[in-house]
Amino acid sequence: MISLETDRLILRDYKESDLDEMHRLWSDKKTMYYLDDILANSIDESAKYLKIGIENADGHYFCICEKNVGQFIGSIGYTITDITPLGKIVHMGYMLLPEYHRRGYMPEVTKKVIEFAFTKDDCIRITTGCHKENDASRKVIEKVGFRKEGERIKAVYHDGVMKDRLEYGINKDDLNALL
């Protein structure tokens, strides 16, 4: 079982007892507004996501917990998109329960997961992205050192309309500049 620590948070592998808290996160319409394609509409859907998180067969997924009380507050992880002779290319995503927004938690854990991916999990590149209008996510992405690599115009159907999407990447060679 993997456990990573920052000054204020613990990132750990999922376990079956996380189902209720995970469902609270993955079914929260505010949290999942920009991730509506993976919104859990039932506890059974959350259980399927939890199983994926526990197995870590196609990437690595972590619970985010407050260090002082162990409270589950969010999720972060990445999915393998390609495996090359040089290492894995992965796509990162994250979410926090709304009551934990604006505390600086997400940049803190994102940097830790980037460090883990590049130093412990044979990753050579991490991509991520967000809707152009999602300022909170964009600020996290840019704050931790991802470079903007593209803007796809009216590329994603969301909330009844086509919206722009920003694409970002970071390479293992960039790790020293982040730490």
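The structure holds 18 salt bridges, a salt bridge being a side-chain nitrogen of Lys or Arg within 4 Å of a carboxyl oxygen of Asp or Glu. The model is a predicted one, so local features need pLDDT of at least 70 and side-chain atom pairs count only at pLDDT 80 or more, while totals for chains, interfaces and linings use all residues. Residues are numbered from 1 along each chain as its sequence is written, and side-chain values use heavy atoms, with hydrogens and water left out.

Take lysine 67 and glutamate 5, which form a salt bridge with their closest N and O atoms 3.1 Å apart. Lysine 67 sits in the loop between strand 3 (59-66) and strand 4 (72-84) and glutamate 5 in strand 1 (residues 3-5), so this pair ties together parts that are 62 residues apart in sequence. Helices (H or I, at least four residues) and strands (E, at least two) are DSSP runs, numbered from the N terminus. Lysine 67 is partly exposed, with a relative accessible area of 32%, and glutamate 5 is partly exposed too, at 48%. Here buried means under 20% relative accessible area, exposed means over 50%, and partly exposed is in between (1.4 Å probe, protein chains only).

Glutamate 99 pairs up with arginine 24 in another salt bridge, and the closest N and O atoms are 3.1 Å apart. That pair links distant parts of the chain, with glutamate 99 in the loop between strand 5 (87-96) and helix 3 (105-120) and arginine 24 in helix 1 (residues 19-26), 75 residues apart. Relative accessibility is 37% for glutamate 99, which counts as partly exposed, and arginine 24 is partly exposed at 33%.

Arginine 147 counts as partly exposed, at 36% relative accessibility.

Helix 4 (residues 135-143) has Ser137, Val140 and Ile141 buried. Looking down the axis of helix 4, its buried residues fall within an arc of 95°, so they line one face of the helix; the arc is that of the directions from the helix axis to the C-beta atoms. An α-helix has 3.6 residues a turn, so residues three or four places apart point the same way. Lys139 and Lys143 are exposed on the other side of helix 4. The cover over the buried residues of helix 4 includes strand 5, helix 3, strand 6 (123-131) and strand 8. Just after helix 4 comes glycine 145, with a positive phi of about 110°.

Ser137 turns up again in the largest pocket, where Leu35, Gly93, Tyr94, Met95 and Ser137 lie nearest the centre among 49 lining residues. This pocket holds about 1,400 Å³ of space. On a 1 Å grid over the protein atoms alone, a pocket is an open set of points where a 1.4 Å probe fits, with protein on both sides within 12 Å along at least five of seven lines, and lining residues have an atom within 4 Å of a point. Grid points are joined across faces, edges and corners, and a volume is the space filled by probe spheres set on the points.

Strand 6 carries threonine 127, which counts as buried at 17% relative accessibility. Leaving aside neighbours within four places in sequence, threonine 127 is in contact (heavy atoms within 4.5 Å) with Val90, His91, Met92, Phe146, Tyr168 and Gly169.

Two residues other than glycine have a positive phi worth a look. Aspartate 122, with a phi of about 60°, lies in the loop between helix 3 and strand 6 and is partly exposed at 47% relative accessibility. Lysine 154, with a phi near 45°, is found in strand 7 and counts as exposed at 58%.
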